[in-house]
Amino acid sequence: MTIVLLGYMASGKSSVSKLLGKLLALPVIDLDTYIEIKEEKTIAEIFETKGEIYFRMKEHQYLKEVLETKEAMILSLGGGTPCYANNMNLIHEYTKDTFYLQTSIPEIINRVKDEKAKRPLIRNISDEDLPEFIGKHLFERNVFYQQATHHIFTDNKTIEILVEEIRESLH
Ligand code: S3P
């Protein structure tokens, strides 16, 4: 069984995938971490030195590599993964267990505002411009996120509750 978690930056993908992996006794792969290990650079360094297009190409390549192992796993994507290179169609060739962790704009702003530095796409956006930027960004990305089979709203929910909701939809 391959379960894929997707959603905007700071939607809780990494924390949820870790607990879900523990409870289902499945390995957890975080695509960003996988890319960082393979490329021997942090995501921020890849964006800085090679640019976003290179990152998107590598993201697609490693996504394919991970899916092709056909091992049972929890796969946590980067926020932009579903939105490039036809990645959602690729994922759905391997599994229909895709979960969109949907977080409201105010909640996303709350969570990212103190950790912009490690997020290359928003690090140069001022706090004042953040709501408009994230609003537009989510509007553009929504069409891809909506392709996930399951939608889980994350606002005001603990990681434990989110994991329980995912487990219930798997039955
Ligand atoms: C990105 C989100 C990041 C990372 C990269 C690009 C995006 O992952 O893949 O910085 O395009 O939204 P997280 O969602 O884990 O922060």
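I take a polar contact to be a pair of N or O atoms within 3.5 Å. The model I am reading is a predicted one.

**Entry 1: the ligand**

With that cut-off in hand, I looked up D32. One of its polar side-chain atoms lies 2.7 Å from an oxygen atom of the ligand, so the pair falls within 3.5 Å and I count it as a polar contact. I then checked R56, where a polar side-chain atom is likewise 2.7 Å from a ligand oxygen. For K13, I noted 2.8 Å between an N or O atom of the side chain and an oxygen atom of the ligand. The protein covers 91% of the 390 Å² of accessible area that the ligand has on its own.

I next asked how many residues surround the ligand. I found 13, and I listed the closest as K13, D32, R56, R119 and R141.

**Entry 2: V112**

I moved on to V112, which I found in helix α6, a helix covering residues 105-112. Is V112 buried or exposed? Its relative accessibility is 1%, so I put V112 down as buried, the cut-off being under 20%. Leaving out residues up to four places away in sequence, I noted that V112 touches M9, A10, R119, I122, L130 and I134.

**Entry 3: H92**

I located H92 in helix α5, residues 87-94. I read a relative accessibility of 17% for H92, so this residue counts as buried, since the limit is under 20%. With residues up to four places away in sequence left out, the contacts I wrote down for H92 are T98, Q147, A148 and T149.

**Entry 4: L162**

Last, I looked up L162. I found this residue in helix α8, which covers residues 159-170. L162 counts as buried because its relative accessibility is 3%. Which residues does L162 touch, not counting those up to four places away in sequence? I noted V16, I152, F153, T154 and K157. I also looked up the separation of L162 from H60: the two are 102 residues apart in sequence and 27 Å apart in space, C-alpha to C-alpha.

Terms used:
Residues are numbered from 1 along each chain as its sequence is written. This is a predicted model: local features need pLDDT of at least 70, side-chain atom pairs count only at pLDDT 80 or more; totals for chains, interfaces and linings use all residues. Side-chain values use heavy atoms; hydrogens and water are left out. Helices (H or I, at least four residues) and strands (E, at least two) are DSSP runs, numbered from the N terminus. Buried means under 20% relative accessible area, exposed over 50%, partly exposed in between (1.4 Å probe, protein chains only). Contact means heavy atoms within 4.5 Å. A residue is near a molecule or strand if one of its heavy atoms lies within 4 Å of it. A polar contact is a pair of N or O atoms within 3.5 Å; within protein, one must be able to donate a hydrogen and the other to accept it, and residues adjacent in sequence count only if both atoms are side-chain atoms. Accessible areas come from the Shrake-Rupley method with a 1.4 Å probe; for residues, only the protein chains shown count as cover.
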